[in-house]
Amino acid sequence: MLKYISRIVLIINWKTFLITFLSIASTAFCLHYEIKADFPLTLIGTAIVFPIVFSIGGAYKRREVALDEYGSIKAHGRALFFAVSHWLENPPEALKTELKDHLESLMTSCKEIFTQPVSQLEAYEKEVYNSFNTLSLFVKKMRTHGLPSGEASRSNQFLSKMMISFERIKHIYQYRTPRTLRTYSDIFIVVLPIIYGAHFAESVTSYSYGLQFAVPVLFSVILVALDNIQSHLENPFDQQGEDDVHINVDKFIRNLE
């Protein structure tokens, strides 16, 4: 039950109540002064619904790409661990422990950089690059433990693919869906419910007392809920929504064996 309540809170917030209040106030004003108009509802779909749905689709695709690349980092990190475990003759436990520490440091750095504001990107990404540098030196160290040159080259390919995946995730984290489109939607979500007060006053004349405001309330809740859904999908790493990408470092390291 609490899970469903938390989901509702994510899409119905203070903005929902504010826009709903403005919509009700506008409708009440138009009803009182008999200001009525039959505005086309297609304007709502063109001005708000279509841009928001487009943004939701774009944000969802970005989240899916981020999940794929996150999985790639984990898979190639595990492959690197298997290279130590299976490609070396009698690998010392200290070597496997050292690699675990390096992978844990990398994943922790990735988690820190993606859960911080974008303004802190430059400061935190240095730790990630240091972790990749350490892993590169570790691959070189594996050669001294008898790793064949061909397998060392393959290990470097694993590391290279991890770096490529990190850069792709970083760009998803750094660049959002078009900001101008977001601003456009935000403006019309506030303006249209107020302007359409005259339309609501015209369309609810046959409604029972008290139900005249049901349409503007539903109108406002639906539009703001869609906007909130898009906002939560916008940054898949902010750990504020149930659809976010969660980097579980402990589980990854624990399951390496």
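Author: What follows is a close look at one helix, its partners and some of its residues. The model is predicted: local features need pLDDT of at least 70, side-chain atom pairs count only at pLDDT 80 or more, and totals for chains, interfaces and linings use all residues. Residues are numbered from 1 along each chain as its sequence is written, and side-chain values use heavy atoms, with hydrogens and water left out.

The part in question is helix H5, residues 121-143. Helices (H or I, at least four residues) and strands (E, at least two) are DSSP runs numbered from the N terminus.

Helix H4, residues 93-114, packs on H5 at an angle of about 160°, the two axes being 9 Å apart. Axes here are lines fitted to C-alpha atoms, for helices over the stretch in contact, and angles run from 0 to 180 degrees between N-to-C directions. H4 is therefore roughly antiparallel to H5, given that angles under 35 degrees count as roughly parallel, over 145 as roughly antiparallel, 65 to 115 as roughly perpendicular and the rest as oblique. The crossing of these two helices, H4 and H5, is left-handed; the term applies if the near helix is turned anticlockwise from the far one by less than a right angle, and right-handed applies if clockwise. On the H4 side the contact includes Leu 95, Leu 99, Leu 103, Cys 110 and Ile 113, and on the H5 side it includes Leu 121, Glu 125, Val 128, Leu 135 and Phe 138. Contact means heavy atoms within 4.5 Å. Sorted by class, the contact of H4 with H5 has 12 nonpolar, 5 polar and 5 charged residues. In this scheme Ala, Val, Leu, Ile, Met, Phe, Trp, Tyr, Cys and Pro are nonpolar, Asp, Glu, Lys and Arg are charged, and the others, Gly among them, are polar.

Glu 125 has 15% relative accessibility and so counts as buried, where buried means under 20% relative accessible area, exposed over 50% and partly exposed in between (1.4 Å probe, protein chains only). Leaving aside residues up to four places away in sequence, Glu 125 touches Ile 113 and Lys 170. Lys 126, also in helix H5, is exposed, with a relative accessible area of 53%. The C-alpha atom of Lys 126 lies 9.0 Å from that of Ser 109, and the two residues are 17 apart along the chain.

Leu 80, Ala 83 and Val 84 of H3 meet Leu 135, Phe 138, Val 139 and Met 142 of H5. The contact of H3 with H5 has 7 nonpolar, no polar and no charged residues.

The two partners also pack on one another. The axes of H3 and H4 come within 10 Å and cross at roughly 170°, which means that H3 is roughly antiparallel to H4. H3 passes H4 in a right-handed crossing. Among the residues that meet are Tyr 70, Ile 73, Leu 80 and Val 84 in H3, with Leu 95, Leu 99, Leu 103 and Met 107 in H4. By class, the contact of H3 with H4 divides into 9 nonpolar, 2 polar and 3 charged residues.
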